[in-house]
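Hi,

Here is the structure I promised to pass on. Have a look at it first, and then read on for what turned up.

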Amino acid sequence: MTRPRRSLLFMPGSNARALEKARTLPADGIILDLEDSVAPDAKAVARDQIAKAVAAGGFGKREVLIRINSLDTPWWVDDVGMAGKAKPDGILVPKISTVDDLNAIANRLSDINADASIKVWAMIETARAVLDADKLAAAAKDSEIRLAGFVFGPNDISRETRIRMQPGRAAMIPMITHCILATRAHGLEILDGPYGDIGNIDGFAAECAQGRDLGFDGKTLIHPSHIDACNAIFTPPAEEVAEARKIIAAFTRPENASRGAIQLDGRMVERLHAEMAKRTIEIADAIAAMGS
């Protein structure tokens with residue numbers, strides 16, 4: 001099933017009002033957070049509030065992920081235990097660097113007999129994770145790993161590598177494309193990291209457009225004010241969808257059934273364009289089904 005993931009908004013698990021508000025926001029997905037936005041002395045309260053929020057439901061068609069604490073903290077075991085019982089759509093794991101990290105999460109989910117529908121998303125936030133992105137993505141062939149995709153984490157990568165975060169992210173593009181290639185090679189999704197300068201809407205829009213053009217499926221967000229712009233930029237334009245439908249219709253005509261390439265409106269169109277058109281239509285239809 002194609003699922004739109006244009007915008008996934010982080011919401012702090014320690015903030016009960018934020019958890020309630022998450023049910024009304026037009027984001028494609030909500031990430032209920034136990035990590036960065038939650039102080040150490042609020043972890044237990046946040047864990048309990050998230051469990052109750054997921055159990056209560058009311059998120060509609062929004063995808064619901066729970067971001068746990070990283071494996072180098074004392075909290076992650078309890079976080080996974082809660083998430084396994086709460087049954088969100090997925091668990092987002094920070095600072096995944098090795099296949100052993102993925103196995104640790106898989107083993108914990110197995111130990112608690114977590115529902116098979118719960119997927120795992122890996123945050124790519126370390127130099128090792130970037131270098132071994134293909135190995136991490138390849139682990140998805142093991143169904144017990146449950147890996148659905150990556151979330152690229154530019155801020156932590158910047159901190160670890162000393163690569164400066166500059167407008168346009170030129171220095172990071174090689175790492176971004178490397179991770180995108182790894183996910184596509186293994187049939188996974190990948191989301192861009194958040195944009196920190198909340199008030200700079202023009203800068204945010206530029207980074208969204210860059211992420212879309214680089215091949216990200218969507219973007220994670222840290223403020224609700226970014227949702228509408230993000231959704232608009234990652235939504236296929238109406239003319240692009242119309243063209244995609246025209247391409248699919250042309251290839252379904254009996255006279256074109258066995259052809260690898262055809263002429264359409266004076267230009268050559270190949271089967272690969274039909275595959276791209278199919279994806280565009282699936283995303284557009286899925287967005288329409290979301291009601292936005």
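One term before anything else: a residue is called buried under 20% relative accessible area, exposed over 50%, and partly exposed in between (1.4 Å probe, protein chains only). Keep in mind that this is a predicted model, where local features need pLDDT of at least 70 and side-chain atom pairs count only at pLDDT 80 or more, while totals for chains, interfaces and linings use all residues. Residues are numbered from 1 along each chain as its sequence is written, and side-chain values use heavy atoms, with hydrogens and water left out.

Let's start with the salt bridges. The term stands for a side-chain nitrogen of Lys or Arg within 4 Å of a carboxyl oxygen of Asp or Glu. The background is simple: side chains of opposite charge can pair when their charged atoms come close. There are 25 salt bridges in the structure.

E243 and R267 form one of them, at 2.1 Å from N to O. E243 sits in helix α11 (residues 238-251) and R267 in strand β10 (residues 267-270), 24 residues apart, so this pair links distant parts of the chain. (Helices, H or I with at least four residues, and strands, E with at least two, are DSSP runs numbered from the N terminus.) R267 counts as partly exposed because its relative accessible area is 36%, and E243 is partly exposed too, at 23%.

D265 lies in the loop between β9 (261-264) and β10, so the pair ties together parts 19 residues apart in sequence. D265 is exposed at 58%, whereas K246 is partly exposed at 36%.

Now, where does R5 find its partner? It pairs with E63, with the closest N and O atoms 2.7 Å apart. R5 is in the segment before β1 and E63 is in strand β3, 58 residues away. Both ends are buried: R5 has a relative accessible area of 13% and E63 has 4%. The two also belong to a network of salt bridges with R184, E189, D217 and R279.

Next, the annotated spot. An unreviewed UniProt entry places a "binding site" at R67 and E125; the positions use the numbering here, feature names are shortened, and annotations may be inferred rather than shown by experiment. The two are spread over 59 residues of sequence but cluster in space, with a largest C-alpha distance of 13.9 Å.

R67 is in strand β3 (residues 63-67) and is buried, at 6% relative accessibility. E125 is in the loop between β5 (119-124) and α5 (127-131), and it is buried as well, at 3%. Leaving aside residues up to four places away in sequence, E125 touches P94, K95, G153, D156, I157 and E160 (contact means heavy atoms within 4.5 Å). The backbone nitrogen of K95 lies 2.8 Å from a polar atom of the E125 side chain.

Last, which residues of helix α10 (residues 227-234) are buried? They are I227, C230, N231, I233 and F234. These cover an arc of only 165° around the axis, which puts them on the same side of α10; the arc is that of the directions from the helix axis to the C-beta atoms. The face turned away from that side carries the exposed residues D228 and A232. What covers the buried residues includes β1 (7-12), α9 (201-214) and β8 (218-221).

Cheers

Terms used:
Polar contact = N/O pair within 3.5 Å; in protein donor to acceptor, adjacent residues only side chain to side chain.
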